[in-house]
Amino acid sequence: MTQPRFDLDSVLLVIDMQYDFMPGGALAVNEGDTLVPLINRLGEQFRGVVITQDWHPAGHISFASSHAGCAAFETTTLPYGPQTLWPDHCVQASHGAQLHVDLHLPHAQLILRKGCNPHIDSYSAFLEADRSTPTGLTSYLKERGVKQVYVVGLALDYCVAWSALDARAAGFTTVVIEDACKAIDMHGSLDKAWRDMRSAGVTRMASSQLLS
Ligand code: VGL
Ligand code: ZN
(Lines give C-alpha, C1' and ligand atoms only; values in the text may rest on other atoms or scores of the structure.)
(Ligands and ions follow the chains in the order given, each with its own letter.)
Protein backbone atom coordinates (compact mmCIF):
# COMPACT_ATOMS: atom_id res chain seq x y z
CA MET A 1 0.00 0.00 0.00
CA THR A 2 1.21 3.47 -0.85
CA GLN A 3 1.49 6.18 1.79
CA PRO A 4 -1.91 7.76 2.52
CA ARG A 5 -2.33 11.21 1.02
CA PHE A 6 -4.20 12.53 4.06
CA ASP A 7 -3.18 12.80 7.69
CA LEU A 8 -5.47 12.37 10.70
CA ASP A 9 -6.95 15.87 10.36
CA SER A 10 -9.03 14.46 7.47
CA VAL A 11 -11.51 11.62 7.50
CA LEU A 12 -13.19 9.61 4.79
CA LEU A 13 -16.81 9.26 5.90
CA VAL A 14 -18.28 6.17 4.22
CA ILE A 15 -22.07 6.28 4.30
CA ASP A 16 -24.37 3.24 4.44
CA MET A 17 -22.63 0.74 2.13
CA GLN A 18 -25.13 -1.93 3.19
CA TYR A 19 -26.88 -4.69 1.25
CA ASP A 20 -30.34 -3.10 1.49
CA PHE A 21 -29.01 -0.15 -0.56
CA MET A 22 -27.41 -2.42 -3.18
CA PRO A 23 -29.16 -3.91 -6.24
CA GLY A 24 -31.49 -6.64 -4.93
CA GLY A 25 -31.83 -4.93 -1.54
CA ALA A 26 -34.98 -3.56 0.11
CA LEU A 27 -34.17 0.05 -0.84
CA ALA A 28 -31.86 -0.55 -3.75
CA VAL A 29 -29.80 2.29 -5.19
CA ASN A 30 -28.88 1.73 -8.84
CA GLU A 31 -25.27 0.58 -9.20
CA GLY A 32 -24.64 1.04 -5.47
CA ASP A 33 -22.46 -2.07 -5.48
CA THR A 34 -20.18 -0.66 -8.16
CA LEU A 35 -18.79 1.84 -5.64
CA VAL A 36 -17.16 -0.77 -3.44
CA PRO A 37 -13.78 -1.07 -5.25
CA LEU A 38 -13.53 2.70 -5.69
CA ILE A 39 -14.25 3.37 -2.00
CA ASN A 40 -11.68 0.73 -1.06
CA ARG A 41 -9.06 2.57 -3.13
CA LEU A 42 -10.05 5.93 -1.67
CA GLY A 43 -9.76 4.41 1.80
CA GLU A 44 -6.06 3.76 1.17
CA GLN A 45 -5.55 7.52 0.87
CA PHE A 46 -6.87 8.22 4.38
CA ARG A 47 -5.50 7.37 7.81
CA GLY A 48 -8.86 8.42 9.25
CA VAL A 49 -11.90 6.43 8.15
CA VAL A 50 -15.38 6.42 9.70
CA ILE A 51 -18.15 4.13 8.42
CA THR A 52 -21.88 4.56 9.02
CA GLN A 53 -24.59 1.93 9.13
CA ASP A 54 -28.30 2.71 8.88
CA TRP A 55 -29.57 0.61 11.80
CA HIS A 56 -33.29 0.61 12.44
CA PRO A 57 -35.29 -1.39 14.98
CA ALA A 58 -38.17 -3.45 13.50
CA GLY A 59 -41.28 -1.28 13.22
CA HIS A 60 -39.23 1.91 12.78
CA ILE A 61 -41.19 5.12 12.22
CA SER A 62 -39.61 5.66 8.77
CA PHE A 63 -41.10 2.39 7.47
CA ALA A 64 -44.32 2.68 5.42
CA SER A 65 -45.39 -0.58 7.06
CA SER A 66 -45.58 1.26 10.42
CA HIS A 67 -48.30 3.63 9.08
CA ALA A 68 -51.70 2.11 8.24
CA GLY A 69 -52.83 3.03 4.73
CA CYS A 70 -49.49 4.48 3.66
CA ALA A 71 -47.28 3.25 0.83
CA ALA A 72 -43.51 3.38 0.47
CA PHE A 73 -42.10 6.61 -1.01
CA GLU A 74 -45.08 8.68 0.21
CA THR A 75 -44.47 11.55 2.60
CA THR A 76 -46.17 11.78 5.98
CA THR A 77 -46.01 14.30 8.79
CA LEU A 78 -44.36 13.33 12.06
CA PRO A 79 -43.96 15.42 15.23
CA TYR A 80 -40.57 16.63 13.92
CA GLY A 81 -41.81 17.43 10.39
CA PRO A 82 -42.24 15.75 7.00
CA GLN A 83 -40.91 12.22 6.67
CA THR A 84 -40.56 10.15 3.51
CA LEU A 85 -41.78 6.62 4.16
CA TRP A 86 -39.50 3.80 3.03
CA PRO A 87 -39.78 0.08 2.54
CA ASP A 88 -38.56 -1.79 5.64
CA HIS A 89 -34.77 -1.63 5.38
CA CYS A 90 -31.60 -2.02 7.43
CA VAL A 91 -33.37 -3.73 10.30
CA GLN A 92 -30.86 -4.23 13.11
CA ALA A 93 -28.80 -7.40 12.64
CA SER A 94 -30.58 -8.43 9.41
CA HIS A 95 -28.57 -9.39 6.33
CA GLY A 96 -29.72 -6.19 4.59
CA ALA A 97 -28.17 -4.12 7.36
CA GLN A 98 -24.72 -5.68 6.96
CA LEU A 99 -21.93 -3.79 5.25
CA HIS A 100 -21.03 -5.14 1.80
CA VAL A 101 -18.60 -7.99 2.41
CA ASP A 102 -16.13 -6.63 -0.16
CA LEU A 103 -15.85 -3.27 1.54
CA HIS A 104 -12.25 -3.43 2.71
CA LEU A 105 -11.42 -0.65 5.14
CA PRO A 106 -9.57 -2.54 7.87
CA HIS A 107 -8.13 0.64 9.37
CA ALA A 108 -11.54 2.33 9.93
CA GLN A 109 -11.67 3.53 13.55
CA LEU A 110 -15.40 3.91 14.02
CA ILE A 111 -18.57 2.27 12.71
CA LEU A 112 -21.40 4.60 13.66
CA ARG A 113 -24.92 3.22 13.69
CA LYS A 114 -27.75 5.68 13.18
CA GLY A 115 -31.54 5.60 13.01
CA CYS A 116 -31.69 3.43 16.13
CA ASN A 117 -34.40 5.47 17.86
CA PRO A 118 -37.74 3.86 16.92
CA HIS A 119 -39.43 7.30 16.76
CA ILE A 120 -36.81 9.36 14.87
CA ASP A 121 -35.17 8.79 11.48
CA SER A 122 -31.56 9.79 10.87
CA TYR A 123 -30.29 10.30 7.34
CA SER A 124 -27.40 12.31 8.73
CA ALA A 125 -24.41 10.82 10.48
CA PHE A 126 -24.36 13.89 12.75
CA LEU A 127 -27.91 14.91 13.70
CA GLU A 128 -31.12 12.88 13.74
CA ALA A 129 -34.16 13.93 11.70
CA ASP A 130 -35.67 15.90 14.61
CA ARG A 131 -32.64 18.14 13.88
CA SER A 132 -31.77 18.28 17.57
CA THR A 133 -30.56 14.83 18.72
CA PRO A 134 -26.82 14.51 18.06
CA THR A 135 -25.25 11.15 17.19
CA GLY A 136 -22.00 12.21 18.87
CA LEU A 137 -19.99 12.24 15.64
CA THR A 138 -19.30 16.00 15.70
CA SER A 139 -17.71 15.74 19.14
CA TYR A 140 -15.85 12.55 18.22
CA LEU A 141 -14.25 14.17 15.17
CA LYS A 142 -13.52 17.48 16.92
CA GLU A 143 -11.91 15.78 19.91
CA ARG A 144 -9.65 13.96 17.48
CA GLY A 145 -8.61 17.16 15.69
CA VAL A 146 -10.40 16.45 12.43
CA LYS A 147 -10.82 19.50 10.19
CA GLN A 148 -11.79 18.02 6.80
CA VAL A 149 -14.52 15.50 6.04
CA TYR A 150 -14.66 13.69 2.65
CA VAL A 151 -18.02 12.00 2.13
CA VAL A 152 -18.77 8.97 -0.10
CA GLY A 153 -21.41 6.23 -0.27
CA LEU A 154 -25.19 5.89 -0.40
CA ALA A 155 -27.48 7.52 -1.07
CA LEU A 156 -26.10 10.77 -2.48
CA ASP A 157 -29.42 12.65 -2.24
CA TYR A 158 -30.32 11.43 1.26
CA CYS A 159 -27.78 10.20 3.76
CA VAL A 160 -24.69 11.53 1.95
CA ALA A 161 -26.20 14.99 1.38
CA TRP A 162 -27.64 15.33 4.89
CA SER A 163 -24.34 14.19 6.40
CA ALA A 164 -22.35 16.60 4.24
CA LEU A 165 -24.65 19.52 5.11
CA ASP A 166 -24.37 18.78 8.83
CA ALA A 167 -20.60 18.33 8.61
CA ARG A 168 -20.35 21.76 6.99
CA ALA A 169 -22.73 23.31 9.56
CA ALA A 170 -20.54 21.88 12.33
CA GLY A 171 -17.58 23.77 10.86
CA PHE A 172 -15.73 21.04 8.97
CA THR A 173 -14.39 21.66 5.49
CA THR A 174 -16.63 19.26 3.60
CA VAL A 175 -16.09 17.57 0.26
CA VAL A 176 -18.36 15.11 -1.54
CA ILE A 177 -16.46 12.78 -3.86
CA GLU A 178 -19.18 12.69 -6.46
CA ASP A 179 -18.34 9.60 -8.47
CA ALA A 180 -18.01 7.63 -5.21
CA CYS A 181 -21.74 8.15 -4.51
CA LYS A 182 -24.97 6.99 -6.17
CA ALA A 183 -28.40 8.58 -5.76
CA ILE A 184 -31.98 7.41 -5.28
CA ASP A 185 -33.09 10.49 -7.32
CA MET A 186 -36.80 10.74 -6.54
CA HIS A 187 -38.98 13.82 -7.19
CA GLY A 188 -35.96 16.01 -7.97
CA SER A 189 -34.13 14.99 -4.78
CA LEU A 190 -30.72 14.85 -6.45
CA ASP A 191 -30.89 18.37 -7.95
CA LYS A 192 -32.11 19.73 -4.64
CA ALA A 193 -29.31 17.98 -2.76
CA TRP A 194 -26.61 19.52 -4.99
CA ARG A 195 -28.26 22.94 -4.77
CA ASP A 196 -28.43 22.79 -0.97
CA MET A 197 -24.85 21.54 -0.71
CA ARG A 198 -23.51 24.19 -3.04
CA SER A 199 -25.17 27.04 -1.17
CA ALA A 200 -23.93 25.63 2.14
CA GLY A 201 -20.34 25.59 0.91
CA VAL A 202 -19.90 21.86 0.44
CA THR A 203 -17.34 21.22 -2.32
CA ARG A 204 -17.59 18.47 -4.92
CA MET A 205 -14.58 16.63 -6.21
CA ALA A 206 -13.85 13.69 -8.52
CA SER A 207 -12.07 10.62 -7.16
CA SER A 208 -9.45 11.02 -9.92
CA GLN A 209 -8.31 14.21 -8.16
CA LEU A 210 -7.40 12.12 -5.10
CA LEU A 211 -6.12 8.94 -6.72
CA SER A 212 -3.58 10.33 -9.19
C1 VGL B 1 -31.14 6.22 3.42
C2 VGL B 1 -33.39 6.39 3.05
C3 VGL B 1 -33.66 5.80 4.26
C4 VGL B 1 -29.76 6.46 2.90
C5 VGL B 1 -31.38 5.63 4.64
O6 VGL B 1 -28.81 5.76 3.35
O7 VGL B 1 -29.60 7.34 2.04
N8 VGL B 1 -32.16 6.61 2.63
N9 VGL B 1 -32.66 5.43 5.05
ZN1 ZN C 1 -33.06 4.32 6.83
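Predicted model: local features only at pLDDT ≥ 70, side-chain atom pairs only at ≥ 80, totals over all residues.
View 1. About 440 Å³ of space lies in the largest pocket (on a 1 Å grid over the protein atoms alone, a pocket is an open set of points with protein on both sides within 12 Å along at least five of seven lines; the volume is the space filled by probe spheres set on the points, which are joined across faces, edges and corners). The numbering runs from 1 along each chain as its sequence is written, with ligands numbered from 1 in the order written. Local features need pLDDT of at least 70, side-chain atom pairs 80 or more, while lining totals use all residues, and side-chain values use heavy atoms, leaving out hydrogens and water.

**View 2. What lines that pocket.** There are 21 lining residues, with T84, Y123, Y158, W162 and K192 nearest the centre (lining means an atom within 4 Å of a point). β4 (81-84), α3 (156-169) and α4 (189-200) each give two or more residues, and α3 has the largest share, 6 residues (DSSP runs: helices H or I, at least four residues; strands E, at least two).

**View 3. Ligand 1 in its cavity.** Ligand 1 sits in the largest cavity (points where a 1.4 Å probe fits but cannot get out; sitting there means more than half of the ligand's atoms lie within 2 Å of its grid points). Among the residues around ligand 1 are D16, F21, W86 and H89 (a heavy atom within 4 Å).

**View 4. Polar contacts of ligand 1** (N or O pairs within 3.5 Å). A polar side-chain atom of D54 is 3.1 Å from a ligand nitrogen. Backbone N or O atoms take care of ligand oxygens: one of L154 at 3.4 Å, one of C159 at 3.1 Å.

Methods
Polar contact = N/O pair within 3.5 Å; in protein donor to acceptor, adjacent residues only side chain to side chain.
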